[in-house]
Structures are given as C-alpha cells and as structure tokens.
Amino acid sequence: MNNFKFFDRFVDRHIGLNSNDVKNMLNAIGVATLDELIDKTIPFSIRLKKELELEPALSEVEYLARLKTIAAKNKVFKNYIGLGYHPTITPGVIKRNILENPGWYTQYTPYQAEISQGRLEALLNFQTMVCDLTGMPLANASLLDEATAAAEAMSMLYSVTKTAKKNRKVFWISEEVLPQTIDVLLSRSAPLGIEVQIGNHNSVELSDDIFGILVQYPSANGEVYDYSDLFAQSDSKGIFKVVAADILSLALLKAPGEFGADVVVGSTQRFGVPMGYGGPHAAFFATKEEFKRQIPGRLIGVSIDSNGNPALRMALQTREQHIKREHATSNICTSQVLLAIMASMYAVYHGPKGIKAIAARVNNLAKVLEKGLKELNVKQVNQNYFDTLKVVLLSDDDIAKVKNSALEHRINFRYYDKTSIGISIAEPHAIKDIVEILEIFAKILGKSFDQNKFISGLNSFPNSFLYCLERKSKFLTHPVFNSYYSETEMLRYIKNLEKKDLSLTTSMIPLGSCTMKLNASTEMFGISWEEFAELHPFAPIDQAEGYLQLFKELENDIAEVTGLDAVSLQPNSGAQGEYTGLMVIRAYHISRGEKERNVVLIPSSAHGTNPASAVMAGGKVVVVKCDVDGNIDIDDLKAKAEQYQETLSSLIVTYPSTHGVFEESIKEICEIIHQYGGQVYMDGANLNAQLGLTSPGFIGADVCHLNLHKTFAIPHGGGGPGAGPIAVAKHLSPFLPGHPIIKISGENAIHAVSAAPWGSAGILPISHSYIKMLGTMGLTDATKAAILNANYLKAKLAQHYPALYSGKNGFVAHELIFDCRPFKISANIEVEDIAKRLIDYGFHAPTVSFPVPGTLMVEPTESESLKELDRFVEAMISIKREIEEIENGILNREDNPLKNSPHTVEFLMQEEWKHSYSRERAAFPVKAVRYNKFWPSVGRINNAYGDRNLICSCLPVSEYEEENVN
C-alpha cells in the first residue's frame, strides 16, 4: 500500500537537512549516529519509554482537506452582538500583503532596530493613530487585548499610588464595563491585594480609599455617557481615571483625553482585523507623559543613527520586565505587532476622512434602525449611542420569538435578559441588513412593514451627529495618514517598509530562546478562511462546532506531548501562560487551606518574565543560585526549600535550562519541591528540545506553559501574536481559567486571564496543522534535528567562540551560548559590535547578553539547511578574523568594520573614505553576500539620544526633508 501514499511528506519540507547532511554533521561533531548524540545529550533517567501516541502524519494535501471539513462545521452568521468584537472589512491590500505575507509575519521582535525600521515605522504610525484618536500624548505599541490592557492600567496606577505612600487599595469599576474586562480585572486584582468594587457610575460616592476608576465609552450597553462630573469628583480626591474606549467611535465622539482621562485602553480589532473567534487583536494603551517610565509593553521612539539621520527603536527598554524582573509592575514581554500593523495600515489607507466616514455610516445605520423600530412601536432605551441599540420588548416570549426568527435568518443579537436585546452595527452592515432586522421584528409583533416605503423615506434622513460629546478636534493629520489612498500607492508603501526589515524570507534568525523555525505556508492557510476568521467569540456555541473540534484535538495533543492531563488554551502569550499557571497553583493551595504558600523559587538564570509573573500572581520571589556550570545549585535549592517549607508555593524551572543544557538533576529538583509541599512550574520556552524524547509530566512538572509561537510554528509576527496555553496535572485541572460569558470550565475555575474564552483562537489552526502534519515521528525527528544543528554549530565554531556551558558529555541542547567577553579586553569589541556586524553578512544577530552579559545565545532550529548553517559559520569565523586583525594592530581599535557596522549605502557612498578598511570589505565581507545582499536602511542607532529626547509619535514632515544633492 506504500505505493499509493503521497510522496510529499511534510516532515521532509519542515526539517532543513537530508540524510547526507546529517551524516556529514555527525562526523564534524564526532559521533557515529544521531541516536548516539541524543543519548549523550539527554539524561537517560528522563527519556520517554514509549513513543508519543499521536495520529499518523498527514500530507499537506490531506491536512487541508481535513481542515476544510472541520471549518465547514463553523456557522458564519451575521453578528450584531458587539461586546468589544465587531465584523470589519480588511482591505485586500492589507490582507494580501501583510497578514498573508511571510515578509511581515516571520519577522522577530525589533530588538535589532537597524534591520527593523519598516515595522518600527508601522508601529510608530499605530502609536500616533492611538494618540490622535484618544487625545492622549503617549501610547504604547499594543497590548494583548482590551481586558488585559485595562488590567495593566489598574496595576500601573496602583504601583504609582503605592510609590506615593497612599493607603489606597480600591479600584472602582462601572457596572457597564464589558463583562470580560471585569472578570480579568478580578483575576489580576486579588493576588496584588487590590479590592475591586463594581457599581453605578451615576450614583457612586467616591471614597478616599479608591485609587482609580474605570468606565466604558460607549458603555457595554451602548449608551454614551458624559463622565465630566464623575471625573471632576475623581480629580478632587486625587483618583486616577481610566477609560475603555471604542476606537472607531472616537472619530465622532469627544476624545477621552479631552475630558480628563489619565489612561485610555481599548481594542483596535474593528480597524480591519477579523474577529477570529476572539483573537488575536491589538489592544491599545494611551496615557500621560508622566507615566512614560511605568507604561507597560513596548514603546517605539525616534532617535538618530550613526550618520545623524532619524531612526526608530524601542525606547526606554529599562522599563521592561527582563531588566526589572521581580520589581516589574507587568510581565508583558510581547505585544500584538502584526495586528497593530494591520490596524495602523487601515488608518493609513482610509485616512481621517475615511475613518470618520466609516464611523458616521455605522452611526447613521444605527439611527436608521432606531427609526424603523420606533415606527414598529418597539422601545429603544439608549438616548445617546454610537453603534448599539438596546431594545426592550414586553415579554420573554417575544424575546424567544425574536431569537428563533433571527437564528433562522442566520443572525446573532445580544440578549441581555428576558426582555432586552442589544443590536450593534458594524462596518460591513448595509441598509439591506437593517431592513432584514426590521422585518424580523415586524413579523414577530404582527406589524406591517413596507420595505420600499421605508427605504424611500431615508432620502431625507439627516446625516449628522448632534450629541453634546461630539468630537471637534482633528485627528490623523500627519501626512502618512493622508497620502496613500490609491491601492497602488498603498501597496508600494507597504512593500517599501517590508524591504527595510530582515525576516525568515531573508536568512536564518538564530535567536536563542526564540525558536525562529519555519512557519509553513500550508499551516497559515486556515487563519484567512471565513469559517475561522469571521466568528464572534460570544456567538452561540453550536455555531462553533468546527472550532470546538479543533480545540479538543489540540488540547489532547498538547496533553500527550507534555505528559500532563488537562489544557487551557486561553492565555494569549507566553507570559500570560506563566501567570495563568501560577494562578492555578495559587488556587490549588488556597483550596487546601494553605493560602500562606506564596514563596516562588526561581533560578538566577531565569528569564525576566518568571519573577515578574510570580509577583503578579501574589508570589514572593526567592532566587536560587546556579553553579559554575550553569546548573541549579542543588544544595542551595534544598536549603531554601527547607527554609520556606511552610510557605513554599512553587519552583519555576526552564528545561533544558536557559543555559542550553539538559541538567542531570532535574528529577531530583522536582522531588525536592514536592517533598516540601510545593508545585513545579516548567517554563515551556525550550520545549522544542523535548518533544518526543522527554516531557514535562514525565520529568515531574505539575504545570507547563507552551509557546505556540515558538515550538508549534505560529509565526512571531514581528513581536506578536503569540499563544501560551498551559497544561496541568490532574489535581490542578479544576482550577483552569473560566469565562463570564461562555462557560468553559467548572465551579473552581479561576477568573478569566484573557478577554476571549479560548484566547487567540484564530491562530490555533496553525499549531493544529503543525502537529497533525508531523505526527509522532515527525515531531521527534524535528527535536533531534534541532539538537543536531546546535551541536554542529558548537563543533564548527569551537576554535573561535567557546561555548560557555555544555552537558556532562560536552554536548548542548537545541541552543548554546558563545562567550564573547574576552574580546572586550583584547580588541575593544563588545558583543553588540559582533551583533551589528552580522547584519553586514545578512544575518539577524543571535540573542545578545542573555542570560549572560557579553555573550551570544544561538538557536538554529530544525528548519535550517546545512548550507545556511555553514553560511552562518563562515560569517562568524570571518568576524573573528576581523577581531584578530584588531588584536594584532592591523585594524584600528576605534575605526574598524565592527565598530562602524552596520554599513549603509549612504555610509559607503561618502565622497572621501578615511577608514582603515575598504568599502568592499565593509559591504561584501564574504563572497556569498555579493549575490544576496540585505542593505540596512539606517546605521547604528543611538539609543541614549532617543531616551533623552523621547518622541513616540510620527515626526513632522520637515524632519524628513532632504538636503539639496549637488
């Protein structure tokens, strides 16, 4: 029967090596077989005793056929539910050239700013767009969703309040805030000691123990309130004001910054980003200048490069959790870059006139619907509204009839209670949709409705917005939002930005702890299909049977590969997964009457999100030492576990370690923690070295989060989206997160950690496809290839860059750390100089100075070919020779190819060349670069200048005017 199987196996497309490559690489490493390498790398005590039990691998053709069958089970109805999610129209030029373009979605977070100017400009546009629409002076480059953005605002303001030594611990929330936002706030507040109060903003008497308030604008019910009196009362008591705003409504409504908001949050989903059954979408966070060092997430700022030209980079990075660690107020280490770019391009494409026209059209359609309902004598209670009507009927019987008729017409409304219906209008809706809604109500109420007469009467319908909160101020005035209305110009603008950035379409991105593997085209197809993209997350559950099947299969597969029992897909980033896992552990201890268990042991080598997440979950961080070989110091661990045995909550451990080594004592480590009543939380950042060979559950972990955007092929998108589901042991499963609208868990569930029930559901088909097309052997072979590639680089570069850590047999896991610290003394070369010089060779730098300052952490992944690995080896050896020339006095210690890198065309075209090396050596240091040269658009960026002169929105056009060229 083998003669009838598809010849094309996905595993052969995913793994970059062939059998001859493997043989040559093993020879270079000094082992006879791949199995021998694995046996000498992974401790025998943690090796799985049997193969994973997954379905047989499917070919790409077979998988797409299966996915089509699954997708067909989803029912795409017309959605008028609202509640923070709305149908939208994604311009084709954006969908085709950004969402579906690997030149954009395979980029990494822009830590190497010189090769990230395109997405940095798009994100600066995003920040400018948000600042303009909210009326605030400062905005970040996106957050995970509206609910978590509101939670970040609460945490930030609480931190500021504590700093001011004010004894205020109450955060007050309007009862008309979105229910999913309230639930996430309840989740975030408890471990921080914040008391949440919920009430009516029209009647509340603000007490002196309140540090902040949150209101919705427009409200969850659709009413547009004037919060001026409430905010004046807040100001008189020194209370911070947070507004959760609908971004499209701000084209017509007064900007929150104009009526006193301190923070404005919301979602940009309705700016051209599909609902995707809940995500991913880019949230926004805008605030005042005084909070620039506390604002969560990433902040894009303007600086200058080595040639004195404007250049962009991530500003004020000392705010980030990987620097602040347990002192951070947020564990955010990513954002939603790809979705933020889509939203910013939506604003660029439509411009202020287009955005206002879309908003006005939505509002006019809502008013047309209200007019028709009044003619049917149907009561509509919202006095001032943007897009949402609240309709009241006489009985629950009428509600049931409307609901049944609507479902027959494939329509979803929001049903508040037994007599109220919410109807939210969105961009794709048209007059024919309004007529259809009115016909439903007319039929149920036994009223006559003349469609033709109604439509003809609209010719004299007033096209105006007469609310007292009507917007008067201008927005999106920068030329970037007023220049690209034709698709030709828009296409060229998008492509121009794309060309400035290095992605996986250019070369290997060997970032340690980031797993920049192939994001296969077949894996990406499903996210654009209507059946996955256009579902509302709060639609009736029977309309999402395809999604539910996909979730169940993915959960089962994750449980199998992790060796754990239950899975939550809700966390929408790796850091969110960490936080969720720790909150589940916290709930478990509380359920056993051990709420005092709050000490979290964390190795000194851990990623900064670990201590930040622990603090967010109410933990007290105790650092465990590492020994000279980079392993956890067992004696120190034992001592601290015993010292804190009455209060020990958990240990957070990354495996293989952050140092790129399979620690031999990992099982003993887990046993020590369990002995003293703690739980083991395994950070899944390095799971790519485990699949099929070992597993967190087999090792002894109780919880593990997975970075689906690393191990399971979801692309990084330039810094998001991500997904961080958690897998837990059986005793922790009752505490997995729930949701206030869609019931997804039991009575003991913790509150929601993300706005949508299944987090970023819209990208989960990617990981589902990855597992189904690789199967048991494919996943295992991918793990072996990742370990092989890392050890090959170690062997080939051993004479030039010593690996800082290795296992007891001299091998590394899937990544390794090269020590570059000696070059500082011998040649005045910093590790950053090597990172920037790699750009001239066409490479993104490895991870710089993490987890050890002055080092490079390299992770080649299983997807790279031997040819690409050898090209990287050639580049690294060539750079080492340049360093040796500096050491020997051939090249100047201050003026050399490394110190001046990266070299731009402008730099090379200087009329007078005064450097100690040739132009040719600067631009084409090895032969291969001549045939495929990536040109950086800016020289090395001056970060300090940018932080001293903080500008986080688009510069005026005058700053970009070119001098006359003779």
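1. Phe 413 and Phe 441 are both buried (under 20% relative accessible area; exposed is over 50%, partly exposed in between; 1.4 Å probe, protein chains only). The whole structure holds 32 aromatic pairs (rings of Phe, Tyr and Trp, the last by its six-membered ring, with centres within 6.5 Å; planes under 30 degrees apart are stacked, over 60 edge-to-face, the rest tilted). The Phe 413 and Phe 441 rings have centres 6.3 Å apart and planes at 40°, so this pair is tilted. It links distant parts of the chain, 28 residues apart: Phe 413 is in the loop between strand 13 (411-412) and strand 14 (414-415), Phe 441 in helix 14 (residues 431-445). Helices (H or I, at least four residues) and strands (E, at least two) are DSSP runs, numbered from the N terminus.

2. The model is predicted; local features need pLDDT of at least 70, side-chain atom pairs count only at pLDDT 80 or more, and totals for chains, interfaces and linings use all residues. Residues are numbered from 1 along each chain as its sequence is written, and side-chain values use heavy atoms, with hydrogens and water left out.

3. Confidence comes next. The chain averages a pLDDT of 94, and 95% of the residues score at least 70 (pLDDT is the predictor's confidence in each residue, from 0 to 100). Residues 960-966 stay under 50, and the model gives them one contact beyond four places in sequence (contact: heavy atoms within 4.5 Å).

4. Overall fold. The chain has 31 helices and 25 strands. The C-alpha atoms fill a box of roughly 90 × 75 × 70 Å along the principal axes. Of the 966 residues, 64% count as buried. Among contacts between residues at least 6 apart in sequence, 77% join residues at least 24 apart.

5. More on rings. One aromatic cluster is formed by Tyr 277, Trp 529, Phe 532, Tyr 547, Phe 551 and Trp 758. The charged end of Lys 403 sits over the ring of Tyr 415, 5.2 Å from its centre (NZ of Lys or CZ of Arg within 6 Å of the ring centre and within 35 degrees of the ring normal). Lys 933 has its charged end over the ring of Trp 935, 4.9 Å from the centre.

6. Cysteines. The search finds zero disulfides (a pair of cysteine sulfur atoms within 2.5 Å). For Cys 626, the nearest cysteine sulfur is that of Cys 670, 15 Å away. Cys 626 is partly exposed, at 22% relative accessibility. Cys 820 is buried, at 2%. Its closest cysteine sulfur, in Cys 514, is 17 Å off, too far for a bond.

7. Backbone checks. Most residues other than glycine have a negative phi, and most peptide bonds are trans. Ser 142 has a positive phi near 110°. This serine is buried, with 0% relative accessible area. Arg 410 has a positive phi of about 60°, and is partly exposed at 41%. The bond joining Tyr 217 and Pro 218 is cis, omega about -10°. Phe 850 to Pro 851 is cis too, with omega near 0°.
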